[in-house]
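Let's take a walk through this protein together, looking at how its pieces pack. Please keep the viewer open as you read.

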Amino acid sequence: MTSVLVVDDQDLIRAGLVALLRAAPGIEVVGEAADGESAVACAARLRPDVILMDIRMPGMDGTVATERILADAAAADSDAPPPRILVLTTFDLDEYVYAALRAGASGFLLKDTGPQRLIDAVSAVGHGDLLFAPSVTRRLIETYVSNADPAPDPATDLDLLTARECEVLRLTARGLSNTEIAEQLYIGEATVKTHLNRTMSKLNLDSRAQAVVLAYETGLVVPGGPAA
């Protein structure tokens, strides 16, 4: 079972999301929150696998809540993995979503997403698919990365990686799936996952989405370049 915390400041939307997910096989809704501050407290107490996070909320928004939740999880004396945060937004080109991905959110969905796609996305993120709808996420990152502050000393970060790890990271940032990367590089899919895991560990990243953001911000991938 994938345990889920639902966060949205609109009662009707939150109730609808809870009802939909509770009816889905393999998903257990363990809590709900109406704002970012409550989300941080609930995440610490309930330790859900996935947090479905509204991005624009009064008070503490979803971006700040994402930062706090992942920071608290990293500081906690626990062997449990941090929750995977799936951001909900009204607009796909949203600077708030870019900031949340940069902070470590696992991906995002539009609020007009169909019920089955939402269920599939929660399940996928819960099982480790850390970048849902990569082509849309890539477009969002490309739009905002050119206006973002440059990453400090990016060359030092990439110098930690092997040539193969850099290549896997570059293709990941282009929106290719693990299967597509494996086919292009003539290696096994498990090897791709190993390279990605080592990359994230070396660069101290919480999610695959963060790795994609870093690839753009360091210049490993140039916005507007080819998809592969």
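At what angle do helix 8 and helix 10 pack, and how far apart are their axes? Before answering, please keep in mind that this is a predicted model. Helix 8 covers residues 163-173 and helix 10 covers residues 189-202; they pack at an angle of about 95°, and their axes are 9 Å apart. An angle from 65 to 115 degrees counts as roughly perpendicular, and helix 8 and helix 10 are therefore roughly perpendicular to each other. On the helix 8 side, the residues that meet helix 10 are Arg 164, Glu 165, Val 168, Leu 169 and Thr 172. Their partners in helix 10 are Val 192, His 195, Leu 196, Arg 198, Thr 199 and Lys 202. Sorted by class, this contact of helix 8 with helix 10 holds 4 nonpolar, 3 polar and 4 charged residues.

Now turn to another pair, helix 2 (residues 36-46) and helix 3 (residues 62-75). Their axes cross at roughly 20° and come within 9 Å. Since angles under 35 degrees count as roughly parallel, that makes helix 2 roughly parallel to helix 3. The crossing of helix 2 past helix 3 is right-handed. Here Gly 36, Ala 39, Val 40 and Ala 43 of helix 2 meet Ala 65, Arg 68, Ile 69 and Asp 72 of helix 3. This contact of helix 2 with helix 3 divides into 5 nonpolar, 1 polar and 2 charged residues.

Next, the nonpolar interior. In soluble globular proteins, nonpolar side chains tend to be buried together. In this model, the largest nonpolar core has 42 residues, and those with the most contacts inside it are Val 7, Ile 51, Met 53, Ile 69, Ile 85, Val 87 and Leu 101. Helix 11 (residues 208-217) gives the most to this core, contributing 7 residues.

One last stop: is Thr 2 buried or exposed? Thr 2 sits in strand 1 (residues 2-7). Its relative accessible area is 5%, so Thr 2 is buried. Not counting residues up to four places away in sequence, Thr 2 touches Gly 26, Ile 27, Glu 28, Asp 49, Val 50, Val 122, Gly 126 and His 127.

Note on methods
Residues are numbered from 1 along each chain as its sequence is written. This is a predicted model: local features need pLDDT of at least 70, side-chain atom pairs count only at pLDDT 80 or more; totals for chains, interfaces and linings use all residues. Side-chain values use heavy atoms; hydrogens and water are left out. Axes are lines fitted to C-alpha atoms, for helices over the stretch in contact, and angles run from 0 to 180 degrees between N-to-C directions. Helices (H or I, at least four residues) and strands (E, at least two) are DSSP runs, numbered from the N terminus. Angles under 35 degrees count as roughly parallel, over 145 as roughly antiparallel, 65 to 115 as roughly perpendicular and the rest as oblique. Contact means heavy atoms within 4.5 Å. Ala, Val, Leu, Ile, Met, Phe, Trp, Tyr, Cys and Pro count as nonpolar, Asp, Glu, Lys and Arg as charged, and the others, Gly among them, as polar. Buried means under 20% relative accessible area, exposed over 50%, partly exposed in between (1.4 Å probe, protein chains only). A nonpolar core is a set of buried Ala, Val, Leu, Ile, Met, Phe, Trp, Tyr and Cys residues joined through side-chain atoms within 4.5 Å. A crossing is left-handed if the near helix is turned anticlockwise from the far one by less than a right angle, and right-handed if clockwise.
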